[in-house]
Amino acid sequence: MKKYFQFSGTINGTTYLLRLLFTMLMSIPLLVISMIGLGTAVFEYLGYDLEEAATFGPQEQQDMGEKLGMAMVENPSEVMTGLISNISGGVIIAFIVFLIPVVWFYWATCYKRISALFPSTAFKVFIGFIIIEAVLDILPIAVGGSTITAFSAIAGLGIFIFLLSKNSTIGEHDG
């Protein structure tokens, strides 16, 4: 099991794809924790406790949604501040605990594939890969706009397809 999280060895394109699919499976607990944390923060922001919300019928749920929607229309920054302040420390700690192995496994997978494609300059290419991935993730948020978002998505997809389909010069992979 330890070899899957180590930054040594190389992998072929098929193993790269399978490891990325496994990374997605590892991310499911992050999604669950996020939904629980966000749901709890919304209830607390609107002034409901979980026992009370469990008894809500369709009309109460609709009223709660309208109340949140109106608050977001009137003052979205206040709503976001309120939601962030209502996220518990336990949810944040659980999120971080589950996030670290996912990120580590993803980076180890990418490094193994990059070291198969660029054996002599693997570390430099990997650092460049991390920088480019960070820019492609942050750029649509910071700048906004559908053109920037589409560019980032297409560039990220291009990098993925390159890493997946490029043949390496290594005959036998040991990752």
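**Helical architecture and selected residues of a predicted model**

The side chain of Ser115 reaches the backbone oxygen of Lys112 at 2.9 Å, a polar contact being a pair of N or O atoms within 3.5 Å in which, within protein, one must be able to donate a hydrogen and the other to accept it, with residues adjacent in sequence counted only if both atoms are side-chain atoms. The structure is a predicted model, in which local features need pLDDT of at least 70 and side-chain atom pairs count only at pLDDT 80 or more, whereas totals for chains, interfaces and linings use all residues. Residues are numbered from 1 along each chain as its sequence is written, and side-chain values use heavy atoms, with hydrogens and water left out.

The protein chain contains eight helices and zero strands, and its pattern along the sequence reads α-α-α-α-α-α-α-α. Helices (H or I, at least four residues) and strands (E, at least two) are DSSP runs, numbered from the N terminus. The protein chain is more spread out than a compact globule, because its radius of gyration is 21 Å, well over the 16 Å that the globule rule gives for 175 residues. This radius is taken over C-alpha atoms, and the globule rule is 2.2 Å times the number of residues to the power 0.38. Along the principal axes, the C-alpha atoms fill a box of roughly 65 × 40 × 25 Å.

Of the 175 residues, 26% count as buried, where buried means under 20% relative accessible area, exposed over 50%, and partly exposed in between (1.4 Å probe, protein chains only). The accessible surface of the protein chain comes to about 11,100 Å², and 71% of this surface belongs to carbon and sulfur atoms. Among contacts (heavy atoms within 4.5 Å) between residues at least 6 apart in sequence, 73% join residues at least 24 apart.

Two residues of helix H1 were examined. Thr23 lies in this helix, which spans residues 13-26, and counts as buried at 8% relative accessibility. The side chain of Thr23 reaches the backbone oxygen of Arg19 at 2.8 Å. Residues up to four places away in sequence not being counted, Thr23 touches Val102, Phe105 and Tyr106. Thr15 is also found in helix H1, but with a relative accessibility of 29% it counts as partly exposed. Although Thr15 and Arg113 are 98 residues apart along the chain, their C-alpha atoms are separated by 8.9 Å.

Arg113 belongs to helix H6, which covers residues 89-117, and is buried, with a relative accessible area of 2%. Its side chain reaches the backbone oxygen of Ile11 at 3.0 Å. Apart from neighbours within four places in sequence, the contacts of Arg113 include Ile11, Asn12, Gly13 and Tyr16, together with Leu163, Leu164, Lys166 and Ser168.

Trp107 is likewise placed in helix H6, and its relative accessible area of 34% makes it partly exposed. Beyond its neighbours within four places in sequence, Trp107 is in contact with Phe7, Phe126 and Ile130. Ser115, found in helix H6, counts as buried at 9% relative accessibility. Ser115 and Gln59 are 56 residues apart in sequence, and their C-alpha atoms lie 57 Å apart in space.

Notes:
Accessible areas come from the Shrake-Rupley method with a 1.4 Å probe; for residues, only the protein chains shown count as cover.
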